[in-house]
Amino acid sequence: MPYSTEAMARRAAREIPQGAIVNLGIGLPTQVADYLPEGHAWLHSENGLLGTGPFPYEGDEDPNLINAGKQTVTVLPGGSTFDSATSFAMIRGGHVDLAIMGAMQVSTGGDLANWAVPGGKVMGIGGAMDLASGCRRLIVMMQHVTKKGEHKLVRACDYPLTAARVVSLVITELGVFEPTGHGFKIIELAPGVTREAAEAATGAPLV
Amino acid sequence: MRGRHDQKVVASVAEALAPLEDGMTIMVGGFGLSGNPEALIKGVVERGVRDLTLVSNNAGNLGKGLAQWLRAGILKKVICSYIGTNEDLHTRMASGEVKVEITPQGTLAERMRAAGAGIPAFYTPTGVGTVVEQGKEVREIDGRRYLLERALHADVALVRAHTADRFGNLRFWRTARNFNPAMASAAKLAIAECDHLVDNGAIDPDDVHLPGIFIHKVVHVPEHENAFEFRTVRKRPT
């Protein structure tokens, strides 16, 4: 049984040390927050919020208190708000301990591609390049292959890069993998997933 | 003789926007639809200026905010970091009506901060080894590669504040601060739209988020739509 998205989020939450500053990307990575014990880590939203809390109770939502995905959120006691230049000084300056992001491709060298599909609609860069090159550790959380079954863990990215040599760990429904330069080291496989199945779904050697 | 910081409070949005001209570069604060100077955005369309270059993180969304400028056909260029679901921008970018320059978000903020701080260019690690590097100087400093990014100036900045005093000292609300301070500092003329206008002295000097030296005009707009982009809530425990 491959990991469910919930199991992937739980697994990613285990990578977050007590007291860390963490930025969770839009989409799947945002769910990681649901599996962090209360008070475990500080969530940073690049639009200018540290100490991001859960969604507000119905009736308490404030359109001027949002996360980077533009969802209404709350701010926890001890949290702070600041301007975009300060927020990206936190990111670029290496003050954010960990970022968890989605990806379209990750290479064996740790290159990340997650902002544009060749020939596709350009959605923009947002904070992805700053986060990928600025945070101290980057974990990717994604489906192991595309909807069409194409490899996403590859020898070299052929999608436009977000940043080079930045990914430390990749969590997919098939397991947890570490880019090593020549291939992906299997840290663990999801229960019931065979090495052969993981190899078939990966566009580079598993080591 | 009147200095630049005399009598900043103006009676109307139209009066605040009177100095605008065709072809100007205008920065507009906001992250998505949050922290938008809504009345000034509407006022620019009514002012009738055209061929503008807009600097904004998103240039509106869901047909709201700065999407009104796109629909009014008054933009020739947009400098932004993210388009996402902004169909008004997608269609005009695809047709070639509006030229779009996409910049990493942190680089966009820092280019404006640098402009306001008198720094003409800076080296940043963001974008090294990507398409953002194209046409830019790359330099290795202490073993790491950096891009040279240039400061970004504007003719006008339109910003949204929660509270302003008569000198233009500003306070912002929650995540509505975003690009507003850097934009105000990077423009020759910075116009603030505030929810609350108070007398000088009502904001403690230690509580000022953006000092009034960066603001040239203040217009009081008590009512705002404050549109939700994604209204996400949880059930209240009973």
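The largest nonpolar core of this predicted model holds 124 residues, and A:Val140 and B:Ala157 touch the most other members. A nonpolar core here is a set of buried Ala, Val, Leu, Ile, Met, Phe, Trp, Tyr and Cys residues joined through C-beta atoms within 7 Å. As for B:Ala157, its contacts (C-beta atoms, placed from the backbone, within 7 Å) beyond four places in sequence are B:Met27, B:Met183, B:Ala184, B:Ala186, B:Ala187 and B:Ala190.

Next comes helix α4 of chain B (residues 87–95), where B:Asp88, B:Leu89, B:Arg92 and B:Met93 are buried. Buried means 20 or more other C-beta atoms within 10 Å of a residue's own, exposed means 12 or fewer, and partly exposed is in between. The four sit on the same side of α4(B) because they cover an arc of only 120° around the axis, going by the directions from the helix axis to the C-beta atoms. Turned away from that side are the exposed B:Thr91, B:Ala94 and B:Ser95. The cover over the buried residues includes α3 (67–72), β4 (75–80) and β5 (99–102) of chain B. Helices (H or I, at least four residues) and strands (E, at least two) are DSSP runs, numbered from the N terminus.

Between the chains, 43 residues of chain A are in contact with 47 of chain B. On chain A's side, α2(A) gives the largest share, five residues.

Residues are numbered from 1 along each chain as its sequence is written, with chains lettered from A and ligands numbered from 1 in the order written. Local features need pLDDT of at least 70, side-chain atom pairs count only at pLDDT 80 or more, and totals for chains, interfaces and linings use all residues.

Notes
Contact = placed C-beta atoms within 7 Å.
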